[in-house]
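Subject: Structure handover

Hello,

Here is the structure I promised to pass on. Please open it alongside this message. My notes on its charged residues follow.

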Amino acid sequence: MDFLNRHIEALIFCAPEPIAASEISKCLSEMFASEIPLDHIESALIELGNKYNQEEFSFALEHLGGGYQFLTKPAYQPSISILLRQQSQKRLSTAQLETLSIIAYKQPVTKGEIEQIRGVNSDYSVQKLLEKELVEIKGKSEGVGRPLIYGTSDKFMEYFGINSIQELPLPKDFSQSDNQIGEERD
């Protein structure tokens, strides 16, 4: 099994995005010219997950976006945040975050609906989110003019470390005190 684990490690490490167990099985079956059962792959993934959860590793094997990916552990967030701040050109602007949150929570949604909620033109934000592949066109509305309908992409799931839209925090999850400015008067 150790031989199989090392091949799976290599595939996950080299994959630019989370790789599904079925993709791993397909790749290894082609390489070895023999069917690799999915339950062997899943057992190996569990073993690898246990291995990388140990303290000696700065990263862990995470299941997200429908696949598996190596991600650094939260203890290393300070050094990672410095690197990410230095690469800030990839960061989302406030307008893009507002637009993305509207799309995530209201999807499927048209640009007109986004603009109605935000109160401003959202052409640029939607375009940038499409370029960053965080949202995608899901089709056309049946409404007047048949506007495009937008929704989140698999890359959105990966970016935010979730497996489904149901994992997004609900408005009730945000405490009221976190959303207040100043002090309350009696």
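**Salt bridges and surface charge**

Glutamate 136 and lysine 138 form a salt bridge, with their closest N and O atoms 2.8 Å apart. Please keep in mind that this is a predicted model. Glutamate 136 is partly exposed, at 34% relative accessible area. Lysine 138 is also in the partly exposed class, with 45% relative accessibility.

How many salt bridges does the structure hold? The count is 8.

**Glutamate 9 and lysine 51**

Glutamate 9 pairs with lysine 51 in a salt bridge, and the closest N and O atoms are 3.0 Å apart. Glutamate 9 sits in helix H1, while lysine 51 sits in helix H3 (residues 38-52), so this pair ties together parts that are 42 residues apart in sequence.

Is glutamate 9 buried or exposed? Glutamate 9 has a relative accessible area of 14%. The cut-off for buried is under 20%, so glutamate 9 counts as buried.

**Aspartate 123 and lysine 111**

The side chains of aspartate 123 and lysine 111 also meet in a salt bridge, at 2.4 Å from N to O. Which helices does this pair connect? Aspartate 123 belongs to helix H7 (residues 123-131) and lysine 111 to helix H6 (residues 111-118), so the bridge ties together parts that are 12 residues apart in sequence.

Aspartate 123 is partly exposed, with a relative accessible area of 36%. Lysine 111 is partly exposed too, at 26% relative accessibility.

**A negative patch**

Now to the surface. Glu17, Glu23, Glu133 and Asp154 gather there in a patch of negative charge. Where is glutamate 17 found? Glutamate 17 is in the loop between helix H1 (2-14) and helix H2 (21-32). Its relative accessibility is 48%, so glutamate 17 counts as partly exposed.

**Where to start**

I would begin with glutamate 9 and lysine 51, the pair that ties helix H1 to helix H3.

Best wishes

Definitions and conventions. Residues are numbered from 1 along each chain as its sequence is written. This is a predicted model: local features need pLDDT of at least 70, side-chain atom pairs count only at pLDDT 80 or more; totals for chains, interfaces and linings use all residues. Side-chain values use heavy atoms; hydrogens and water are left out. Patches are made of residues with over 30% relative accessible area and no salt bridge: like charges are joined within 9 Å, nonpolar side chains (Val, Leu, Ile, Met, Phe, Trp, Tyr) within 5 Å. Accessible areas come from the Shrake-Rupley method with a 1.4 Å probe; for residues, only the protein chains shown count as cover. A salt bridge is a side-chain nitrogen of Lys or Arg within 4 Å of a carboxyl oxygen of Asp or Glu. Lys and Arg count as positive and Asp and Glu as negative; His and the chain ends are not counted. The place of a charge is taken as NZ of Lys, CZ of Arg, CG of Asp or CD of Glu. Helices (H or I, at least four residues) and strands (E, at least two) are DSSP runs, numbered from the N terminus. Buried means under 20% relative accessible area, exposed over 50%, partly exposed in between (1.4 Å probe, protein chains only).
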